[in-house]
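Open the model in your viewer and keep the selection panel at hand. This tour goes stop by stop.

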Amino acid sequence: MKSFDEEKEQGTWNANVQGGLRGLAVAAGITIPGAFALQRFSPTWRKLPLPAKAFAATIIVAPTVVYFAETAGFEYERTLWSGTGKRQLERNAQAEAERLAHLSGGAKFQEWAKRNQWSLVGGGWAASMLLSGAILARNPYMSFSQKLVQARVYAQASTLATLIITGILAGTATKESKPMEEEDHSWRDILEDEEREAKERKKAAATSPTKADHAATAMK
């Protein structure tokens, strides 16, 4: 018999696999038609060697699969919460949504950048690789290996710039995006919920008919 932790780990793994497969299907729906369209309409794409085309597809497929797999795992773990813990998470989410609703546009963008810092870095790297690769592919005087190395240099520079920018956004504190921290009273809400649940269980047990009452009713 599996323990709860083993079942949770297996369930999370299954959710990751299913999410990864959905991501693979989405990526395939983007890359396959795109590759056929480029093969037909782009002379530059047709001149690229097969490894370069495979690398371009990998830049799209890999992040998509990872994103879908990770999201599916998080969603599965959220379904495991119940009772007091679930209600507390819902209260926290509602309070966070209300806080974000009162922020200005710039502060909202800052919050979004802080929460999606690594997605921005990865997306910037992939976009810079594709853009620099497309530009360098037009150079007839460079070999494929030289173009690949040059594209990686541009991508690394773009990644470094993105890291610096997102780091500044993540570290910049404004009155709107980072208000004065208040004392955490979530423990008090949890205790109140647990006490309320205990009273409801006692009340339900007191009002529900017992086996002795059923037996006495049957004898009458």
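**Stop 1: the whole chain.** Keep in mind that this is a predicted model. Colour by secondary structure. The chain comes to 9 helices and 0 strands. From the N terminus on, the elements run α-α-α-α-α-α-α-α-α. Now colour by accessibility. Of the 220 residues in the chain, 20% are buried. Contacts reach across the sequence: among those with a separation of 6 or more, 73% join residues 24 or more positions apart.

**Stop 2: the annotated spans.** Take residues 50–69 next. This span is 100% helix and 0% strand, and its end C-alpha atoms lie 28 Å apart. Then take residues 118–137. Here the end C-alpha atoms also lie 28 Å apart, and the span is 95% helix and 0% strand.

**Stop 3: helix α3.** Select residues 50–79. Helix α3 has 30 residues. From first C-alpha to last it reaches 43 Å, close to the 44 Å expected at 1.5 Å a residue. Where does α3 bend? Centre on Thr58: the helix bends there by about 30 degrees. Now show the buried side of the account. Ala52, Lys53, Ala56, Ile59, Thr64, Ala69, Ala72 and Gly73 are buried in α3.

Stop 4: Phe68, at 26%, counts as partly exposed.

**Stop 5: the nonpolar core.** Select Ile59, Ala126, Met129, Leu136, Ala151 and Ala155. These 6 residues make up the largest nonpolar core. Two helices, α6 (117–136) and α7 (144–171), each supply at least two residues of this core. The largest share, 3 residues, comes from α6. Ile59 belongs to this core and is also one of the buried residues of α3.

**Stop 6: around Ala151.** Zoom in on Ala151. What does Ala151 touch, not counting residues up to four places away in sequence? Its partners are Met129, Ser132, Gly133 and Leu136. Met129 and Leu136 are core members as well.

Key:
Residues numbered from 1 in each chain as written. Predicted model: local features only at pLDDT ≥ 70, side-chain atom pairs only at ≥ 80, totals over all residues. Heavy atoms only, no water. Buried < 20%, exposed > 50% of the residue type's maximum accessible area, 1.4 Å probe, protein only. Helix = DSSP H or I, 4+ residues; strand = E, 2+ residues; numbered from the N terminus. Expected span 1.5 Å × (residues − 1). Bend = angle between axes of the 7 residues up to and from the residue. Core = buried A, V, L, I, M, F, W, Y, C linked by side-chain atoms within 4.5 Å. Contact = heavy atoms within 4.5 Å.
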